[in-house]
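Open the model in a viewer and keep the sequence panel in view. The stops below say what to select and what is found there.

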Amino acid sequence: MIADETITRVGPVRSEAYLDLVQMLTGVGLVAFMWVHMILVASINLDLGGGRVMNAIAHFFEATYMAQIGGPMIAATMLVHFVVAARKLPFRLREQKAIWNHSVSFHHQDTWLWVVQASTAFIILIMGSIHMWTVLTSLPITAAKSAGRIQGGWWLAFYLVLLPMIELHVGIGIYRIGVKWGFIKRANRTALHGFENKLTLIMIGIGLVSLLTFLVLTKA
Ligand code: HEM
């Protein structure tokens with residue numbers, strides 16, 4: 001009897017830990033992808049919008065089939081990450097109201113960070129999927145094609161929403177992984193949180209400069 005109770009109590013806790021591990025590993029993979037992705041897109045700035053560097057990088061990824069295989073793998077990783085994280089997301093209005101009321105009464109910064117993390121997750125899943133579908137179904141990637149999209153206006157507006165959403169999600173995500181898995185301790189918490197904020201701002205800055213280059217300098 002005691003053994004049975006122990007099993008029922010230990011079982012779910014252990015599977016929760018495994019699910020958290022999957023969430024963390026897929027999250028770290030996606031953070032790494034996002035940073036590399038933003039830097040690769042920023043290659044448009046290297047020849048002041050000329051597009052030669054970006055086209056060469058895009059050609060390399062397509063000739064080696066990394067875009068064709070890696071793209072769907074990123075989409076699948078995003079889906080797994082969302083499904084695993086979804087067990088803690090408030091889908092119902094009643095749950096959302098409860099989380100909001102708790103957050104208001106807690107007055108705790110990290111609780112608000114979680115609210116930002118959860119709300120950006122929904123937006124990123126939808127907008128990230130639309131973006132990946134658009135880019136991957138119109139290969140090859142070229143600077144001219146990207147510039148054409150952005151100069152059209154709608155995609156510029158789309159990226160101006162998606163860019164801060166993804167960078168906030170990534171920045172907060174990496175900070176929360178640090179806190180949850182014990183890399184960030186009470187002593188270094190404030191400093192590392194400050195570092196995470198600066199990194200988020202830098203990545204948003206890099207993204208905005210690239211968008212401006214596509215908009216103004218690159219020939220569509
Ligand atoms: C393998 C998958 C992906 C590929 C091949 C890819 C490719 C690209 C390309 C070529 C651009 C330049 C703009 C354009 O052509 O429209 C771009 C921009 C962008 N992508 Fe992706 N992308 C991928 C995945 C993602 C994901 C998963 C996200 C976020 C959820 C994302 C967020 C963005 C953002 C925010 C921009 C604007 C760039 C900036 O401000 O510098 N991308 N991507």
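This is a predicted model: local features need pLDDT of at least 70, side-chain atom pairs count only at pLDDT 80 or more; totals for chains, interfaces and linings use all residues.

Is F82 buried or exposed? Its relative accessibility is 15%, and the cut-off for buried is under 20%, so F82 counts as buried.

F122 has a relative accessible area of 27% and is partly exposed. Now look at the two rings together. The ring centres of F82 and F122 are 6.0 Å apart and the planes stand at 75°; planes over 60 degrees apart count as edge-to-face, so this pair is edge-to-face.

Together with F82 and F122, F91 forms one aromatic cluster.

Clear the selection and consider the whole structure. How many aromatic pairs does a search of it find? The search finds 7. One of them to select is F60 with F61: the pair is edge-to-face, with 5.5 Å from centre to centre and 80° between the planes. F60 has a relative accessible area of 46% and is partly exposed. F61 also counts as partly exposed, at 25% relative accessibility.

The ligand is surrounded by 23 residues, and the closest are H37, H131, S146, R149 and Y159.

- Select H131: a polar atom of its side chain lies 2.8 Å from a nitrogen atom of the ligand.
- Select R149: an N or O atom in its side chain is 2.8 Å from an oxygen atom of the ligand.
- Select G207: here a backbone N or O atom lies 3.0 Å from an oxygen atom of the ligand.

Which elements give two or more residues to the shell around the ligand? Colour α1 (2-41), α3, α5, α6 (143-151), α7 (154-180) and α8 (189-216) to see them. Among these helices, α5 gives the most to the shell, with 6 residues.

For the last view, colour the shell by residue type. The residues around the ligand divide into 15 nonpolar, 7 polar and 1 charged.

Notes
Residues are numbered from 1 along each chain as its sequence is written. Side-chain values use heavy atoms; hydrogens and water are left out. Rings of Phe, Tyr and Trp (its six-membered ring) pair if their centres lie within 6.5 Å; planes under 30 degrees apart count as stacked, over 60 as edge-to-face and the rest as tilted. Buried means under 20% relative accessible area, exposed over 50%, partly exposed in between (1.4 Å probe, protein chains only). A residue is near a molecule or strand if one of its heavy atoms lies within 4 Å of it. A polar contact is a pair of N or O atoms within 3.5 Å; within protein, one must be able to donate a hydrogen and the other to accept it, and residues adjacent in sequence count only if both atoms are side-chain atoms. Helices (H or I, at least four residues) and strands (E, at least two) are DSSP runs, numbered from the N terminus. Ala, Val, Leu, Ile, Met, Phe, Trp, Tyr, Cys and Pro count as nonpolar, Asp, Glu, Lys and Arg as charged, and the others, Gly among them, as polar.
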